[in-house]
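The following note collects several points on the structure shown below.

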Amino acid sequence: MGKNLASKAPLADQPQTAYWEVASKYWRDIATVNPKWAWDSYYSNLIPDETSRILVMGVTNGSFMELIKRFKPHAWVCGIDLSPGMLKMAISTGNEVICCRGDCLPFEDGSFDIVLSDYFLSVIQEDVLDQTVREIDRVLKKGGSFIAKELRDRGHLVLWSASSLACGLLGVSALVVYPPVSWVFFTLSGLALLTYNPTAHTMGKSARIAKFLLHLMRFVLRRKKIPVLTEMRDIFFISEKYLHIFTDKELYGAFEPYSLEIRTEVTAFSWNFSVIGVKQ
Ligand SMILES: C[S@@+](CC[C@H](N)C(=O)[O-])C[C@H]1O[C@@H](n2cnc3c(N)ncnc32)[C@H](O)[C@@H]1O
């Protein structure tokens with residue numbers, strides 16, 4: 001359907017394609033995203049039963065699309081993703097998906113009632129953010145909704161400062177009670193401090209170590225085996241994901257030029273940003 005705008009920019013030129021291709025090999029075992037929880041807690045109430053056309057940005061293994069189809073049986077649900085590995089998994093369970101980048105959508109103007117972005121804007125590169133939002137705006141019909149859930153700096157700031165402060169205080173208490181263990185808490189405090197970079201709004205250096213350990217643990221528990229060297233290397237590679245953590249100003253700024261009206265936002269210190277834009 002529509003013109004294939006994706007042909008303008010070959011997918012191989014997308015620096016993140018390599019990352020997501022490797023991630024797709026492990027996604028089922030290591031994914032920390034839980035589509036069922038996201039659906040129950042957020043999306044299910046926002047999509048009217050009579051919605052006829054829904055676009056999902058970044059489909060991973062397609063489980064989020066399956067939920068939408070199950071609970072909104074009247075809707076035509078289509079998804080896009082730049083990773084052939086992810087798309088293969090999504091297609092295997094009968095989803096309709098297209099291989100393209102979010103900033104070059106191969107659809108006519110006004111094709112969808114709803115566009116969903118579940119941790120999608122947070123993982124794309126910063127330099128394609130504006131064009132991606134512009135494309136979402138273009139393919140939405142008038143009165144259609146853009147529903148997003150992305151990472152938000154307030155929640156990260158709270159967790160980042162609280163965890164490093166708590167470990168620091170435990171270190172000081174240990175100095176009084178039992179000094180030999182105080183260095184453990186001071187080290188943890190330092191690592192917690194480095195998990196988030198509040199000026200760049202990205203994950204900090206030690207976040208990679210924490211993610212690597214988490215991924216490794218999930219791999220071992222789910223595959224019930226110790227990773228071989230190449231798997232270990234892959235897991236280390238995918239632990240260094242660029243994640244953009246939005247400030248309120250940034251996210252609203254990205255939406256501003258594009259006839260989208262921000263409607264709701266969940267609690268003040270939420271870890272996530274929940275936004276619904278209605279196209280005017
Ligand atoms: C964090 S996942 C989204 C999680 C998803 N909501 C779920 O429930 O599984 C991001 C997805 O977007 C895809 N992706 C990343 N950058 C992209 C881009 N610029 N264009 C299209 N897809 C992209 C990745 O391949 C990946 O499948």
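Helices, of at least four residues, and strands, of at least two, are DSSP runs numbered from the N terminus. The model under review is predicted.

1. Thr 60. Thr 60 counts as buried because 27 C-beta neighbours lie inside 10 Å, where 20 or more are required.

2. The ligand shell. Thr 60 is also among the closest residues to the ligand, together with Trp 20, Gly 58, Gly 102 and Asp 118. In total, 20 residues surround the ligand. By class, this shell consists of 12 nonpolar, 5 polar and 3 charged residues. Helix H1 (15-30) contributes at least two residues to the shell around the ligand, and strand E2 (76-81) likewise supplies at least two.

3. Lys 224. Lys 224 is located in the loop between helix H8 (205-223) and helix H9 (229-239). Is Lys 224 buried or exposed? Lys 224 has 7 C-beta neighbours inside 10 Å and therefore counts as exposed, the limit for that class being 12 or fewer.

4. Asp 49. The loop between helix H2 (35-41) and strand E1 (53-57) holds Asp 49. Asp 49 has 9 C-beta neighbours inside 10 Å, so this residue counts as exposed. Leaving aside residues up to four places away in sequence, Asp 49 touches Lys 72 and His 74. The C-alpha atoms of Asp 49 and Ala 75 are separated by 8.0 Å, and these two residues are 26 residues apart along the chain.

5. Packing of H6 and H7. Helix H6 (residues 153-177) packs with helix H7 (residues 182-193) at an angle of about 165°, and their axes are 8 Å apart. The helices H6 and H7 are therefore roughly antiparallel, given that angles over 145 degrees fall in that class. Their crossing is left-handed. On the H6 side, the residues making the contact include Trp 160, Cys 167, Leu 170 and Leu 175; on the H7 side, they include Phe 185, Phe 186, Leu 188 and Leu 193. Classified by residue type, the contact of H6 with H7 comprises 10 nonpolar and 6 polar residues, with no charged residues.

Methods:
Residues are numbered from 1 along each chain as its sequence is written. This is a predicted model: local features need pLDDT of at least 70, side-chain atom pairs count only at pLDDT 80 or more; totals for chains, interfaces and linings use all residues. Two residues are in contact if their C-beta atoms, placed from the backbone, lie within 7 Å. Axes are lines fitted to C-alpha atoms, for helices over the stretch in contact, and angles run from 0 to 180 degrees between N-to-C directions. Angles under 35 degrees count as roughly parallel, over 145 as roughly antiparallel, 65 to 115 as roughly perpendicular and the rest as oblique. A crossing is left-handed if the near helix is turned anticlockwise from the far one by less than a right angle, and right-handed if clockwise. Ala, Val, Leu, Ile, Met, Phe, Trp, Tyr, Cys and Pro count as nonpolar, Asp, Glu, Lys and Arg as charged, and the others, Gly among them, as polar. A residue is near a molecule or strand if its C-beta atom, placed from the backbone, lies within 6 Å of it.
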